[in-house]
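Biologist: I have the sequence and the structure open. Can you walk me through the charged pairs and the helix packing?

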Amino acid sequence: MTNSTTNEPEPSDSLKTFGLVHKAFRKRAGLTQEEFAPLVRYQPSTVASIEQGRRLPPRVYVERAEEVLDAFGVLRAAAKYATRGPGLASWFRRWADLEELAISLYTFENRLVPGLLQTEAYARTLFNEQLPVLTDGQIEAQLNARAGRQRLLTERPNSTFSFIVEEYVIRRGTGGATATRELIDHLLSITELRNVELQLLPMTRQGHAGLDGPIQLLETPENEWFGYCEGQRSGQLFADPKTISVLHMRYAKLRSQALTPEDSRSLLEQMRGAL
């Protein structure tokens, strides 16, 4: 396994501090990153990113590292002050932390292509259109943060990712014809991964179970389920079993209403050929 930190968010001082403390305890234990990674059930690339201050350490990771390294509670204490640098909205950070752990992630979108599937050109268009207007530095921070999240698709091959997207989201042509061609090529490529599934909800369907808006669900390694819904300037995390049950019910119905993954790929290829 290789370690890639390309396009990751710039490290914050608190993350770099945690990474240095973590590295010191790992070396004190006489372990390399490759030897340490399986002990906490993460990949060496994740360990490297955390020690470089480029990734917020998940709570479960910190607890496992504490036990393996016999760190006297120091890692646990340092993790309380570790925060991401600019790039992720404050209300989204808790969900992003849970994404790092997820063994299953379900996403329905009827507004835009989900962030985990976006290309740089597509994402840059979205950030360029934001109001209030973002500075060039803010846009780059947003792009880096988004690219950092997208590593989940390839770095967590045992996690399953399911996406349901309205057909017209692709047909809108955000960013122009060139950006749309690039986006479709990317979607066709990323869905070749065995752990990534994309279904398009066809425009011919006049009604569906997602009319109330986007849905995100994830399952943690402890088999806990969380939901997340995002608005214009806010986001809400759900853990209530009744709410999660409703979101599961709607997502299951959407899966039956959307095209199959195979038919979705065929539709994407048709769209690509028409551009």
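Biologist: How many salt bridges does the structure hold?

Modeller: There are 12 salt bridges in the structure. Keep in mind that this is a predicted model.

Biologist: Start with Glu51. Which side chain does Glu51 meet in a salt bridge?

Modeller: That of Arg26, with 2.6 Å from N to O. Glu51 belongs to helix 3 (residues 44-51) and Arg26 to helix 1, so to speak two distant parts of the chain, 25 residues apart.

Biologist: Is Glu51 buried or exposed?

Modeller: Glu51 is buried, and Arg26 is buried as well.

Biologist: And the rest of helix 3, how many of its residues are buried?

Modeller: 8 of its 8 residues, which leaves helix 3 mostly covered. The buried residues run from Pro44 and Ser45 through Thr46, Val47, Ala48, Ser49 and Ile50 to Glu51.

Biologist: What covers the buried residues of helix 3?

Modeller: The cover includes helix 1, helix 2 (33-40), helix 4 and helix 9 (152-155). After helix 3 comes Gly53, which has a positive phi, near 75°.

Biologist: You mentioned helix 1 and helix 4. At what angle do helix 1 and helix 4 pack?

Modeller: Helix 1 (residues 13-28) and helix 4 (residues 59-69) pack at about 30°, and their axes are 10 Å apart. Helix 1 is therefore roughly parallel to helix 4. The crossing of helix 1 past helix 4 is left-handed.

Biologist: Which residues in helix 1 meet helix 4?

Modeller: Phe18, His22, Phe25, Arg26 and Arg28 in helix 1. On the helix 4 side they meet Tyr61, Val62, Ala65 and Leu69. Sorted by class, the contact of helix 1 with helix 4 has 6 nonpolar, 1 polar and 2 charged residues.

Biologist: Back to salt bridges. What does Glu99 pair with?

Modeller: Glu99 forms a salt bridge with Arg149, and the closest N and O atoms are 2.9 Å apart. This pair also links distant parts of the chain, with Glu99 in helix 6 (residues 93-101) and Arg149 in helix 8 (residues 136-150), 50 residues apart.

Biologist: Why does Glu99 count as buried?

Modeller: Because its relative accessibility is 2%, and buried means under 20%. Arg149 is buried too, with a relative accessible area of 12%.

Biologist: Next one. Which side chain does Glu140 meet in a salt bridge?

Modeller: Arg124, at 3.0 Å from N to O. Glu140 lies in helix 8 and Arg124 in helix 7 (residues 120-128), so the pair ties together parts that are 16 residues apart in sequence.

Biologist: What about the accessibility of Arg124?

Modeller: Arg124 is at 27% relative accessibility and counts as partly exposed. Glu140 is partly exposed with a relative accessible area of 36%. Salt bridges with shared partners join Glu120, Arg124 and Glu140 into one network.

Biologist: Then how do helix 7 and helix 8 pack, at what angle?

Modeller: At about 140°, with the axes 10 Å apart. That makes helix 7 oblique to helix 8, since only angles over 145 count as roughly antiparallel. Helix 7 passes helix 8 in a right-handed crossing.

Biologist: Which residues make the contact?

Modeller: Helix 7 brings Glu120, Ala123, Arg124, Leu126, Phe127 and Asn128. Helix 8 brings Ile139, Glu140, Gln142, Leu143 and Arg146. By class, the contact of helix 7 with helix 8 has 5 nonpolar, 2 polar and 4 charged residues.

Key:
Residues numbered from 1 in each chain as written. Predicted model: local features only at pLDDT ≥ 70, side-chain atom pairs only at ≥ 80, totals over all residues. Heavy atoms only, no water. Axes fitted to C-alpha atoms, helices over the stretch in contact; angles between N-to-C directions. Helix = DSSP H or I, 4+ residues; strand = E, 2+ residues; numbered from the N terminus. Parallel < 35°, antiparallel > 145°, perpendicular 65-115°, else oblique. Left-handed = near helix turned anticlockwise from the far one by under 90°. Contact = heavy atoms within 4.5 Å. Nonpolar A, V, L, I, M, F, W, Y, C, P; charged D, E, K, R; others polar. Salt bridge = Lys/Arg side-chain N within 4 Å of Asp/Glu carboxyl O. Buried < 20%, exposed > 50% of the residue type's maximum accessible area, 1.4 Å probe, protein only.
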